[in-house]
Amino acid sequence: MASLKELRARIGSVKSTRKITSAMKMVAAAKLRRAQSHAEAARPYAAAMRQMLGELAGAMAGQDGAPQLLAGTGNDRVHLLIPITSDRGLAGGFNSNINRTTKLTIRRLQAEGKTVKLLPVGRKGFDFLSRDYADLIIDHVIGVGGKEIPFSAASDLGAKITKRLENGEFDVCTVIYNQFRNVMSQVPTPLQLIPLGLDATEAKPDPDAAQYEFEPDEQTLLERLLPRNLQVQIYATLLESAAGEQGARMTAMDNATRNAGKAIDRLTQTYNRTRQTNITNELIEIISGAQAL
Amino acid sequence: MPIKVEIISPEKVLVSRDVDMVVMPGEEGDIAAMPEHAPMMLLLRGGIVTLYDGETPKERYFVGGGFADMTPTRCTILADEAVPATEISIDEATARLEELTEAWGAADKTDVARLEGLMAKIQSVQAEIDAGSGNHP
């Protein structure tokens, strides 16, 4: 049985842990709200972009010479995976889910005889993958998940990817990110960026509408739109992942705070029992001492 | 009959309302979107988008390039970046212009693609400064 002094110290330390976790929860809740509104504000751009691409792809259907960003390289040999994690931990299963999904995907692709390359975003994913797959990592990005995610972060990343595609370094590019369902659940989701899966259903030209005019021509427009679309998609995943991170942290810290509360109750009870036992023992000693006289 | 205009930057929606006419800087010259305009998609250069109520210009926005999607009833402008003309920081833009001019001076004059890119940027910043200082034609 621990001494009273030890118990007091334990209770004190769990109490301060609870203070920290509950503060972290509050901070995460505030950040979550901001991250969510950011993610929402960025949605119309992505939606309008998709619509324009759909119209363009519809108008260009049947023409060949589609850019690589849209049609890919025609091969399926080298896969580039971009797992998006956070820079900081203490967010429950947020990062480990992504890491696990990435690892499974790497194993699956390698079993199929494909070459895998990695471009992790976020410190946690980079650290994890460096342990087992250091030789697959071709580049990494850290420091994106800060307070506010500037669009430039996404456009830099997009430019990197486009450049590597032009150099013929990979055939298929997939992002693995945490899709934000709600505060409690974030789902690790793969999203293929290249080749862009622009299916015919999305390109649904309104038969009543007049034929679109393009200025300059379709080809030039498409060549300018596609890299932009890549950046926008990356931006959307980054924002969603940032919101998910805060949500996961909030949930994790909420649990931690509750657990700390329970631990304090348990310890306090043990403390009181021990104290009572000690007093009883002392009394017995005094009384039996007095009787012996 | 008004036309619904939306100016959207990657970060947020700046404008979403009905106006009578929108004049925007197309890559191949300024173009006006009015109700019943034939559907059209165009590339924008850096410049000023002006919203008209009736005949009077009401609001001006600087856009740093982008795309526009016009249909008979609406006009969607996807701007790479967009700022209301009243919020442009002239000092900051002037500094950027100087930087670009320097880059232009130092650039390899045989690298046409780079020169064209720089020129487009310089014109865009120049348009931003003009809009900010209010001497837009």
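Predicted model: local features only at pLDDT ≥ 70, side-chain atom pairs only at ≥ 80, totals over all residues.
How many residues lie between β3(B) and β4(B) in the hairpin that they form? There are two residues between these strands.

Strand β3 (residues 21–26) of chain B and strand β4 (residues 29–33) of chain B run antiparallel and are joined by five bridges. One of the pairs is formed by Gly26(B), whose bridge partner in β4(B) is Gly29(B). β3(B) also pairs with β5(B), again in the antiparallel sense, over four bridges. Here Met21(B) stands opposite Tyr52(B) of β5(B). In a regular strand the side chains alternate between the two faces of the sheet.

Residues up to four places away in sequence being left out, Lys58(B) touches Leu51(B), Tyr52(B) and Asp53(B). Is Lys58(B) buried or exposed? Lys58(B) has 12 other C-beta atoms within 10 Å, and a residue counts as exposed at 12 or fewer; Lys58(B) is therefore exposed. Lys12(B) lies 46 residues from Lys58(B) along the chain, and the C-alpha atoms of the two are separated by 21 Å.

At the level of domains, chain B is divided into domain 1 (3–85) and domain 2 (87–133). The centres of these two domains of chain B, taken over C-alpha atoms, are separated by 22 Å. The contact between them takes 11 residues from domain 1 of chain B and nine residues from domain 2 of chain B. On the side of domain 1 of chain B that touches domain 2 of chain B, the elements that give two or more residues are β5, β6 and β8 (82–84) of chain B. By class, the residues on that side are five nonpolar, four polar and two charged.

Chain A has a domain assignment as well, with domain 1 (4–23 + 253–283) and domain 2 (29–204 + 212–248). The C-alpha centres of these two domains of chain A lie 47 Å apart. An α-helix has 3.6 residues a turn, so residues three or four places apart point the same way.

Chain A contains a hairpin of its own, in which β3(A) is joined to β4(A) through five residues. Strand β3 (residues 172–180) of chain A and strand β4 (residues 186–194) of chain A pair in the antiparallel sense over eight bridges. Within this pairing, Tyr177(A) has Thr189(A) of β4(A) as its bridge partner. Elsewhere in the chain, Glu112(A) is found in the loop between α4 (94–111) and β2 (115–118) of chain A. Glu112(A) counts as exposed because it has 9 C-beta neighbours inside 10 Å, where the limit is 12 or fewer.

The two chains meet where 19 residues of chain B are in contact with 22 residues of chain A. On the side of chain B that touches chain A, the elements giving two or more residues are β5 (40–53), β6 (56–70) and β7 (74–79) of chain B. Of these elements, β5(B) gives the most, with four residues. The side of chain B that touches chain A has 11 nonpolar, three polar and five charged residues. Strand pairing also crosses between the chains: strand β5 (residues 213–215) of chain A runs parallel to β5(B), and three bridges join them. Phe214(A) stands opposite Met41(B) in this pairing.

Finally, the largest nonpolar core has 90 residues. The residues with the most contacts inside this core are Ile82(A), Tyr235(A), Leu238(A), Leu239(A), Val22(B) and Ile77(B). α7(A) gives the most to this core, with 17 residues. Beyond its neighbours within four places in sequence, Ile82(A) is in contact with residues including Leu119(A), Val121(A) and Cys173(A).

Definitions and conventions:
Residues numbered from 1 in each chain as written. Chains lettered and ligands numbered in written order. Contact = placed C-beta atoms within 7 Å. Nonpolar A, V, L, I, M, F, W, Y, C, P; charged D, E, K, R; others polar. Pairing = 2+ DSSP bridges. Domains from an automatic or database assignment. Core = buried A, V, L, I, M, F, W, Y, C linked by C-beta atoms within 7 Å. Buried ≥ 20, exposed ≤ 12 C-beta atoms within 10 Å, placed from the backbone.
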